[in-house]
Amino acid sequence: MTTTGISRGSIEARMIQNPIPWPNGARCACVISFDMDADSLIHIARPDDAHDRLYPISMGRYGPNVAIPRILETYRQLGIQQSFFLPGWCVETYPKAVEAILEGGHEIGHHGYLHEDPIEAPDQRYWFERALAAYQKYCGGKPAGYRAPVYNINQEVVDLLVEHGFRYESSMMADDIPYRVETAKGGFWEMPVHWGTDDWPPFAHYAEIGYMMPVKAPSTGLGAFWEEFDAAYEAGGFFMLIVHPFLTGRLARWRQVETWLEETLRTKDVWFARLDQVADHLDGLVARAEYSPRVEKLPYYSGPQGG
């Protein structure tokens, strides 16, 4: 008992108001998702001279050429499949990485075309559908899900997702567990993210795009993620990392992730799944009337507020 007379277990049971029943009674669903941006970041940030900025190009290329094979081998040995989000330009530029991801049974999601910020880039239909064409050509079909570059999804993109029949989206932050997003024309599942489980704050140091932060030690940066997992696990929730091959796929960091995966699979009751599989499971629960998700209705506002 705590000093207030409330047991720890009952506190955790109340942390998530509408918990999702996971397959086979698993305590927690877990997704280690990757955004394979490669060197698209420098090309969208510095379009005039990015082609001659060899340091950031090489840093980005580390992802598909070195980190992706390492990550996929870990997943192969552990027998798990996960979700990767690739800009359309990266799909076109790194087809061998795409082929290896798909051969491993993983899914590839929509992540813009050149990692353009939807808030900053005009005419999202052009970028969105240009990326769709790349997925159709190199992946053999339309992705099930979408994640906005820098999470900056807007209503124009939401409408495109509904129009093109996407099943889930993964850029918004309105809950700890998946929920429904509904508009007047349709909806999709939201697989929520948050910055506390993203490797950009602890590990990215990228002056060319205006991000200068001290790089944390692997144990420090990753340790914060494992604290997030512990809370999700205790509450019977949903844990998703949002990480990048050229950051977390580096040797010292990935060695620790691999160790954590092995230990978690051995000692915890966790369902590791792709995000499209999570969407499948949620669809089934709703169809059988076994679960009623929370719903966020969009748009939130019809125009500027406070004026």
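Helices (H or I, at least four residues) and strands (E, at least two) are taken here as DSSP runs, numbered from the N terminus. The structure is a predicted model, in which local features need pLDDT of at least 70 and side-chain atom pairs count only at pLDDT 80 or more, whereas totals for chains, interfaces and linings use all residues. Residues are numbered from 1 along each chain as its sequence is written, and side-chain values use heavy atoms, with hydrogens and water left out.

Strand 2, which spans residues 83–86, pairs on the one hand with strand 1 (residues 28–35), in the parallel sense and over two bridges, where two strands are said to pair if DSSP finds at least two bridges between them. Within this pairing, Phe84 of strand 2 is the bridge partner of Phe34. On the other hand, strand 2 is joined by four bridges to strand 3 (residues 107–110), and these two strands run parallel; Ser83 stands opposite Glu107 of strand 3. In a regular strand the side chains alternate between the two faces of the sheet. In strand 2, Ser83 and Phe85 point one way while Phe84 and Leu86 point the other way, and all of these residues are buried, a term that denotes under 20% relative accessible area, with exposed set at over 50% and partly exposed in between (1.4 Å probe, protein chains only).

Helix 3 (residues 54–78) and helix 11 (residues 251–267) have axes that come within 11 Å and cross at roughly 20°, the axes being lines fitted to C-alpha atoms, for helices over the stretch in contact, and the angles running from 0 to 180 degrees between N-to-C directions. Helix 3 is therefore roughly parallel to helix 11, since angles under 35 degrees count as roughly parallel, over 145 as roughly antiparallel, 65 to 115 as roughly perpendicular and the rest as oblique. The contact (heavy atoms within 4.5 Å) involves Tyr62, Arg70, Ile71, Thr74, Tyr75 and Leu78 of helix 3, together with Leu251, Trp254, Glu258, Leu261, Glu262 and Leu265 of helix 11. By class, the contact of helix 3 with helix 11 comprises eight nonpolar, one polar and three charged residues, where Ala, Val, Leu, Ile, Met, Phe, Trp, Tyr, Cys and Pro count as nonpolar, Asp, Glu, Lys and Arg as charged, and the others, Gly among them, as polar.

Two residues with positive phi were found in loops. Asp123, in the loop between strand 3 and helix 6 (124–139), has a positive phi of about 55° although it is not a glycine, and it is partly exposed, with a relative accessible area of 47%. Ala289, in the loop between helix 12 (275–287) and strand 10, likewise has a positive phi, near 60°, in a residue other than glycine, and Ala289 is exposed, with a relative accessible area of 69%.

Strand 10 (residues 295–297) contains Glu296, which is buried at a relative accessible area of 15%. Apart from neighbours within four places in sequence, Glu296 is in contact with Ala174, Tyr179, Arg180, Val181 and Glu182. In the segment after strand 10 lies Pro299, and the peptide bond from Leu298 to Pro299 is cis, with omega near 0°.
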